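Please look over the model below before reading on. The notes that follow are grouped by topic.

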Amino acid sequence: PSDVYTSQLLVGIGGERFKGGQVMKPVFGKVLPAGQAVLGGTVARLLDLASGDSLSVLGHDARVQACLVESGTVEDGTIYVPLEDAQAWPGLTGRINEIQALECHCGAEVEDPLGLLREELLPLLPGTIVLRRQDAADARRDQRQLAEGTLALLSPLFVLLAGALIAALGALNARDRREELGVYA
């Protein structure tokens, strides 16, 4: 159908940025090379496209890298392309209008992580919509806090266990060398 082209959401995916310029494994997956696209399930089905096929978006050609499985969400009607392509194709080079943040690495004491993210990012990129991928961010935050709590609880236990093991090995060593100690005394 011809209306498929006009009713789809074009999303530009940029490289992930980590605090302090750290190099880490990408959270969202690999970054798309220029001229590549990932299609939502409905878009791929309606246009009858598969991986390796060509697609014309806003008069520019892109090669389909992958097609997502239909999930009943907004992603089904989305075409993902590199951020540079999503900005250049409609003539909006250099403009970013939304940032999806996964995490702010805030502790449990921060009640509004999205507010903190907006406070930090809006002065740098005025007019930008800052979103937090709530479900993924909360899951990561809970997992990190659980790991930190478990580590705080188990670390002293491991230190005590290592100390007891060293003491036991020292006692066994001394008992095995009792005859040697008697000769030297």
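Helices (H or I, at least four residues) and strands (E, at least two) are DSSP runs, numbered from the N terminus. With those labels, Asp48 is placed in the loop between α2 and β3. The model is a predicted one. The protein contains six helices and seven strands, and along the sequence these follow the pattern α-β-β-α-β-β-β-α-β-α-β-α-α.

**Overall picture**

- The protein has 185 residues, and 21% of them count as buried.
- Its accessible surface comes to about 12900 Å². Carbon and sulfur atoms account for 59% of that surface.
- Take the contacts between residues at least 6 apart in sequence: 68% of these join residues at least 24 apart.

**The sheet**

- Five strands make up an open sheet, in the order β1-β5-β2-β4-β3. The pairing in this sheet is mixed.
- At the edges are β1 (residues 9-13) and β3, each of which pairs on one side only.
- From one strand to the next, the twist averages 40°.
- β1 pairs with β5 in the parallel sense, over five bridges. Within this pair, Leu9 has Thr78 of β5 as its bridge partner.
- β2 and β4 are also a parallel pair, with four bridges. Ala37 stands opposite Val64, a residue of β4.
- β3 and β4 run antiparallel and are joined by four bridges. Ser54 stands opposite Arg63 of β4.

**The nonpolar core**

- How many residues does the largest nonpolar core have? It has 14 residues.
- The residues with the most contacts inside this core are Ala37, Leu39, Leu49, Leu55, Ile79 and Val81.
- Two or more core residues come from each of β2 (36-39), α2 (41-47), β3 (54-57), β4 (60-67) and β5 (78-82). Helix α2 gives the most, with three residues.
- Which residues does Leu49 touch, leaving aside its neighbours within four places in sequence? Leu49 is in contact with Leu39, Ala44, Ser54, Leu55, Val64 and Cys67.

**Two loop residues with positive phi**

- Asp48 has a phi near 55°, a positive value in a residue other than glycine. This is the residue in the loop between α2 and β3.
- Is Asp48 buried or exposed? Asp48 is exposed, because its relative accessible area is 66% and the exposed class begins over 50%.
- Leu58 likewise has a positive phi near 55° and is not glycine. Leu58 lies in the loop between β3 and β4.
- The hairpin of β3 and β4 has two residues between the strands, and Leu58 is where the positive phi is found.
- The relative accessibility of Leu58 is 54%, so Leu58 counts as exposed.

**The salt bridge**

- Side chains of opposite charge can pair when their charged atoms come close.
- The structure holds one salt bridge. It is formed by Arg45 and Glu70, whose closest N and O atoms are 2.7 Å apart.

**A proline in helix α4**

- Where does Pro113 lie? Pro113 is in helix α4, which covers residues 113-121.
- Why does Pro113 count as buried? Its relative accessible area is 7%, and buried means under 20%.
- Pro113 and Asp138 are 25 residues apart in sequence. In space, the distance between them is 9.6 Å, taken C-alpha to C-alpha.

How values were computed. Residues are numbered from 1 along each chain as its sequence is written. This is a predicted model: local features need pLDDT of at least 70, side-chain atom pairs count only at pLDDT 80 or more; totals for chains, interfaces and linings use all residues. Side-chain values use heavy atoms; hydrogens and water are left out. Buried means under 20% relative accessible area, exposed over 50%, partly exposed in between (1.4 Å probe, protein chains only). Contact means heavy atoms within 4.5 Å. Accessible areas come from the Shrake-Rupley method with a 1.4 Å probe; for residues, only the protein chains shown count as cover. A nonpolar core is a set of buried Ala, Val, Leu, Ile, Met, Phe, Trp, Tyr and Cys residues joined through side-chain atoms within 4.5 Å. Two strands pair if DSSP finds at least two bridges between them. Axes are lines fitted to C-alpha atoms, for helices over the stretch in contact, and angles run from 0 to 180 degrees between N-to-C directions. A salt bridge is a side-chain nitrogen of Lys or Arg within 4 Å of a carboxyl oxygen of Asp or Glu.
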